[in-house]
Amino acid sequence: RAWGGTVDGVNRAAPPPVWTVANLRHVVSLVRRGRNPAATVYDSIGPDFFLAPAPGWLNLGLWEGPAGEDAAEAACRRLVETLAAPLPAGGDVVDVGNGLGAGDPVIAAAVRPRSLVAVNITESQLRAGRERLAAAGARRVAGDACRLPLADGVADGVISVEAAFHFASRRRFFEEARRVLRPGGLLAVSDIPTVRRPRTPLELASGVSQLRVWGLRPSAAAGPAAILREVERAGFVDVRAELVGDRVYPQALALTRTRLARDRSAPRSHRLAARLALAQLELLWRRRLIDYLLLWARVPA
């Protein structure tokens with residue numbers, strides 16, 4: 001029941017509904033996956049996700065020091081800056097799976113690109129991020145990472161921040177990135193690899209649950225070495241990779257735990273679901289089933 005008005009002379013905004021149509025589609029997708037699971041997940045989360053590290057940011061961040069509200073946005077920006085730094089300055093850059101667009105002004109400031117194209121299969125995110133994309137001078141393109149709606153050899157850099165595990169196939173994404181890049185062009189990706197297979201029923205249940213909740217295919221569970229092999233098979237050289245989970249998960253999980261303990265703005269059912277998902281992700285990290293990968297690779301000149 002929606003309500004609002006004043007209580008004791010103080011304006012009280014109507015609380016969010018317990019369930020939206022997007023939330024229900026998300027629940028149904030846990031049983032029957034739709035054609036676009038990533039869009040289903042992020043339509044459900046919406047542009048104002050109550051556990052987002054900072055407004056407009058959905059990545060886990062690259063942290064320096066302990067977790068805290070005052071450090072969250074800086075950590076998210078640092079992740080994008082670190083990944084974007086090697087991209088060719090002044091070139092044409094494509095940001096694939098750009099989320100709500102908060103990272104695109106950071107890319108624009110780091111690279112000063114001649115052009116910046118933001119490709120996202122979730123059209124609601126492109127709409128929600130249009131002001132950020134305009135500030136970055138970026139062009140919005142609705143499209144699939146595995147079938148990029150771009151011509152051959154039109155980019156000097158392709159960047160994808162914490163999105164590759166959502167793509168239908170990493171291999172096809174790497175092949176598409178290779179196709180649209182010019183000779184000497186650079187690919188920059190952050191990803192969540194699976195370091196080892198589950199060994200206990202609890203580990204298996206946590207892993208499968210995370211795959212379903214986030215709309216991921218079983219192929220999303222790929223190890224760092226397998227991901228690097230796919231990059232090389234797509235035709236990239238000078239592949240450089242770094243595992244940085246110790247600068248990502250402890251702080252991001254601690255921030256989320258603190259938020260859940262004190263935030264009462266979201267419906268109770270949403271908070272309960274978030275607590276369960278957090279416990280599962282903490283288990284996967286604590287037992288080192290997952291890590292966090294930064295990867296750069298170049299097209300032969």
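Contact here means heavy atoms within 4.5 Å. With that in hand, take L243, which touches P193, P224, D291, Y292 and L293 once residues up to four places away in sequence are set aside. What you're looking at is a predicted model, in which local features need pLDDT of at least 70, side-chain atom pairs count only at pLDDT 80 or more, and totals for chains, interfaces and linings use all residues. Residues are numbered from 1 along each chain as its sequence is written, and side-chain values use heavy atoms, with hydrogens and water left out.

Back to L243, then. This leucine lies in strand 8 (residues 237-243); helices (H or I, at least four residues) and strands (E, at least two) are DSSP runs, numbered from the N terminus. L243 is partly exposed, with a relative accessible area of 44%. On that scale, buried means under 20% relative accessible area, exposed over 50%, and partly exposed in between (1.4 Å probe, protein chains only). If you want a sense of distance, L243 and A89 are 154 residues apart in sequence and 25 Å apart in space, C-alpha to C-alpha.

Most residues other than glycine have a negative phi. At 60% relative accessibility, D238 counts as exposed. E162 is another non-glycine residue with a positive phi, this one near 55 degrees. You'll find E162 in the loop between strand 6 and helix 7, and it is buried, at 11% relative accessible area.

A further positive phi, near 50 degrees, belongs to R112, which follows helix 4. That brings us to the helix itself. Helix 3 (residues 69-84) and helix 4 (residues 103-111) have axes that come within 9 Å and cross at roughly 40 degrees. Axes are lines fitted to C-alpha atoms, for helices over the stretch in contact, and angles run from 0 to 180 degrees between N-to-C directions. Helix 3 and helix 4 are therefore oblique to each other: angles under 35 degrees count as roughly parallel, over 145 as roughly antiparallel, 65 to 115 as roughly perpendicular and the rest as oblique. Their crossing is right-handed, meaning that the near helix is turned clockwise from the far one by less than a right angle, with anticlockwise giving left-handed.

Who meets whom at this crossing? From helix 3 come R77, V80, E81 and A84, and they meet G103, V106, I107, A110 and V111 in helix 4. By class, this contact has six nonpolar, one polar and two charged residues. Here Ala, Val, Leu, Ile, Met, Phe, Trp, Tyr, Cys and Pro count as nonpolar, Asp, Glu, Lys and Arg as charged, and the others, Gly among them, as polar. Helix 4 has G103, D104, V106, I107, A108 and V111 buried. Its buried residues pack against helix 3, strand 3 (92-96), strand 4 (115-120), helix 6 (130-136) and strand 6 (155-161).

Now for another helix pair. Helix 7 (residues 170-180) and helix 9 (residues 224-233) pack at about 35 degrees, with their axes 9 Å apart, and this crossing is right-handed. R170, R171 and F174 of helix 7 make the contact with I227, E230 and V231 of helix 9. That gives three nonpolar, no polar and three charged residues.

Further along sits helix 10 (residues 249-262). At 1.5 Å a residue, its 14 residues should span 20 Å, and its end C-alpha atoms are 20 Å apart, which agrees; the expected span is 1.5 Å times one less than the number of residues. Buried in helix 10 are Y249, Q251, A252, L253, L255, T256, R259 and L260. These pack against helix 3 and helix 11 (268-286).

Helix 11 contains W285, which counts as buried at 8% relative accessibility. Leaving out residues up to four places away in sequence, W285 touches G245, D246, Y249, P250, L253, I290 and D291. Recall that Y249 and L253 are among the buried residues of helix 10, and that D291 is also one of the residues that L243 touches.

To finish, go to P37 in helix 2 (residues 37-45). P37 is buried, with a relative accessible area of 7%. Beyond its neighbours within four places in sequence, P37 is in contact with G215 and R217. The C-alpha atoms of P37 and R287, 250 residues apart along the chain, are separated by 27 Å.
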